[in-house]
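Could you walk me through this model in my viewer? I'd like to know what to select next and what is there.

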Amino acid sequence: MIAPALALAFAFACTSGGDAGHVAIDDVAHEHDLDGTWLFTTGDDAAYAAPALDDHAWRPIDVPVALGAQGLADVVGPFWYRVHVHATDAHATAAPQLAVEIGELDSAYELYANGALIGGRGRVDEPRVDDPVHPAVWPLPSDAFADGHDLVLAVRGYRSALRYRRPAPAAGSK
């Protein structure tokens, strides 16, 4: 979720252009939801946060649907999520303070905006510390949409074998 941080948590209302991991928002001054198809991979490489990374081979995944409900219940270790956000709003570069809200994530994570670390919960590196299911709001850098109105959000996580487990949602639910 992305919203003007001065007023409320920021969520992206998005439309998908049919390209997995890409969303478009039409007005950065209002709260929008980023739920939808993101990109996912296991493994760990700092380059995965870089906006120019070629992530076309990454697996499309539904956010916020649990990994277990998408055939990935056995994933343990480092993982990454990515989404490319395009602001069609001509005033995106002059937007007020914007922020990203991360809801329930059952693992430690770090959040990157255009390759820069902007927040996180728990500890992804050794010694690892899980911090499951604690929503948080992270301010975006003031120049988040400065480069052609595009923003790449990347979430680096570590999924512990001892992580909080909840039953998989019923089919068709999120």
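## A short tour of rings and an arginine

Start by selecting W38, F40, F79 and Y81: ring pairs link these residues into a cluster. Keep in mind as you look around that this is a predicted model. In total, the structure holds 7 aromatic pairs.

Now zoom in on F40 and Y81. Their ring centres are 5.5 Å apart and the planes meet at 65 degrees, so this pair is edge-to-face; the cut-off for that class is over 60 degrees. Next, colour the strands. F40 belongs to strand β4 (residues 36–42) and Y81 to strand β6 (residues 77–87), so the pair ties together parts that are 41 residues apart in sequence.

For your next stop, select R82 and W58. Here R82 lies over the face of W58, at 5.8 Å from the ring centre.

Finish at R156, which you will find in strand β11 (residues 150–159). With 9% relative accessibility, R156 counts as buried. Show its side chain together with that of D125: a polar contact of 2.6 Å joins the two. Then display the surroundings of R156. Leaving aside neighbours within four places in sequence, R156 is in contact with D44, F79, W80, A108, Y109, E110, Y112, V124 and D125. F79 in that list takes you back to where the tour began, as one of the residues in the ring cluster.

Notes: Residues are numbered from 1 along each chain as its sequence is written. This is a predicted model: local features need pLDDT of at least 70, side-chain atom pairs count only at pLDDT 80 or more; totals for chains, interfaces and linings use all residues. Side-chain values use heavy atoms; hydrogens and water are left out. Rings of Phe, Tyr and Trp (its six-membered ring) pair if their centres lie within 6.5 Å; planes under 30 degrees apart count as stacked, over 60 as edge-to-face and the rest as tilted. Helices (H or I, at least four residues) and strands (E, at least two) are DSSP runs, numbered from the N terminus. A charge sits over a ring if NZ of Lys or CZ of Arg is within 6 Å of the ring centre and within 35 degrees of the ring normal. Buried means under 20% relative accessible area, exposed over 50%, partly exposed in between (1.4 Å probe, protein chains only). A polar contact is a pair of N or O atoms within 3.5 Å; within protein, one must be able to donate a hydrogen and the other to accept it, and residues adjacent in sequence count only if both atoms are side-chain atoms. Contact means heavy atoms within 4.5 Å.
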